[in-house]
Every structure is written in structure tokens, then in C-alpha cells.
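Let's take a walk through this structure together. Have a look at the picture first, and then we'll go through it piece by piece.

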Amino acid sequence: DVRENIPEGNRRIGSVSSHDISVPLSAIPDFIEQGAPALAQIGDFRINCFGHVGDGNLHYTVYASDVSGALKDPITEVVEDVVLALGGSFSAEHGIGLSKRASMARRKDPVALDVMRTVKAALDPMGIMNPGKVYPD
């Protein structure tokens, strides 16, 4: 039951930045070893890393004494840089959603994004399914 209580604990503590990432199984130790030192270059953080180790999905939650959110974008950049350097993805089990739109625009191949928009337009020509949630209209 400890695993199920972690998200509630994260909310109560006040995480600055929460990431649902994936890396190849063999890269999990490298990600854990590289993540904290990379983040230390921009600030003093506490990290909670847990997840679905068997399939490479990790929940990587970053806490800072300054919970204003001013460091959220720089933290996201650092975490995603480490993830991508290890052959992983900035998005795992929870998908893109609203919180990963900027990451997708920044990290995905523009051709892949165009294909995704084309498929969405073909399946939803009136734009009524989840308007503006993943792809800007």
C-alpha cells in the first residue's frame, strides 16, 4: 500500500516538478545516477523516484525549497535531456495531456507532429474530440 500513497505524499509535500518518463531497462541505474547531479547544477533539490521498473517507466518527482514554480521549466529541461541522452522518452504511461504539450512541441520530430495532426484531422474533422488538449487548433 506504500506505493499507492506516494502520489498523495507528493501533493502534500509540494513537488515542484513531476515527470512520467521511460528509459530502457538497462539505463534505469544510469538515469538515477545522472539525474540528481544534473539537477544540482541548477539548484538544491530533493528527488522521489519510483515506478514500474519492470517496463522502464519511472515517476521522477522533484522538490525544492522554492515551490513557486519558477524552476519548473528548467527542471523539466534537465530531466528530459538526461532521459533523451539515455534513449528514453519524456512521456510514459500517463501520455502527453496538457502538461506535456510544450515538451512534445520541443522534443518530437516536426514531421511526426504533422502526421499526428493529419491523423487527428482525418478522424475528427470537426475538432470536437478533446479540442486543443494535445495539438493546438
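Which residues are linked in a network of salt bridges? They are E77, E80, D81, R106 and R107. A salt bridge here is a side-chain nitrogen of Lys or Arg within 4 Å of a carboxyl oxygen of Asp or Glu. Before we dig into that network, a word on what you're looking at. This is a predicted model, where local features need pLDDT of at least 70 and side-chain atom pairs count only at pLDDT 80 or more, while totals for chains, interfaces and linings use all residues. Residues are numbered from 1 along each chain as its sequence is written, and side-chain values use heavy atoms, with hydrogens and water left out.

Now the overall layout. The protein chain has five helices and three strands; helices (H or I, at least four residues) and strands (E, at least two) are DSSP runs, numbered from the N terminus. Along its principal axes, the C-alpha trace spans about 45 × 35 × 30 Å. Of the 137 residues, 33% count as buried. Buried means under 20% relative accessible area, exposed means over 50%, and partly exposed is in between (1.4 Å probe, protein chains only).

Let's go to strand 3, which covers residues 57-64. Strand 3 has a partner in strand 1 (residues 17-22), and the two pair in the antiparallel sense over six bridges. Strands count as paired if DSSP finds at least two bridges between them. In this pairing, H19 stands opposite Y60. Strand 2 (residues 45-52) also runs antiparallel to strand 3, joined to it by eight bridges, and there G51 stands opposite L58. Strands 2 and 3 form a hairpin with four residues between them, and G56 in the turn has a positive phi of about 85°.

How well covered is strand 3? Mostly: eight of its eight residues are buried. In a regular strand the side chains alternate between the two faces of the sheet. Here N57, H59, T61 and Y63 point one way, L58, Y60, V62 and A64 point the other way, and all are buried. Take H59: it counts as buried because its relative accessible area is 9%. Its side chain makes a polar contact with the side chain of H52 at 3.5 Å. (A polar contact is a pair of N or O atoms within 3.5 Å; within protein, one must be able to donate a hydrogen and the other to accept it, and residues adjacent in sequence count only if both atoms are side-chain atoms.)

Y60 has a story of its own. The count of aromatic pairs comes to one, and that pair is F31 with Y60, edge-to-face, at 4.8 Å centre to centre and 65° between the planes. It links distant parts of the chain, with F31 in helix 2 (residues 28-40) and Y60 in strand 3, 29 residues apart. Both F31 and Y60 are buried. For the rule, rings of Phe, Tyr and Trp (its six-membered ring) pair if their centres lie within 6.5 Å; planes under 30 degrees apart count as stacked, over 60 as edge-to-face and the rest as tilted.

Back to the charged side chains, where the count comes to seven salt bridges. One of them joins R106 to E80, with the closest N and O atoms 3.1 Å apart. R106 lies in helix 4 (residues 101-107) and E80 in helix 3 (residues 72-85), so this pair ties together parts that are 26 residues apart in sequence. E80 is buried, with a relative accessible area of 2%, whereas R106 is partly exposed at 39%. R107 and D81 also meet in a salt bridge (2.8 Å, N to O). R107 lies in helix 4 and D81 in helix 3, so this pair too ties together parts that are 26 residues apart in sequence.

R117 pairs with D114, their closest N and O atoms 3.6 Å apart, and the two residues sit three apart, about one turn of the helix.

Finally, look at the segment after helix 5 (110-123), where you'll find I128. I128 counts as exposed because its relative accessible area is 61%.
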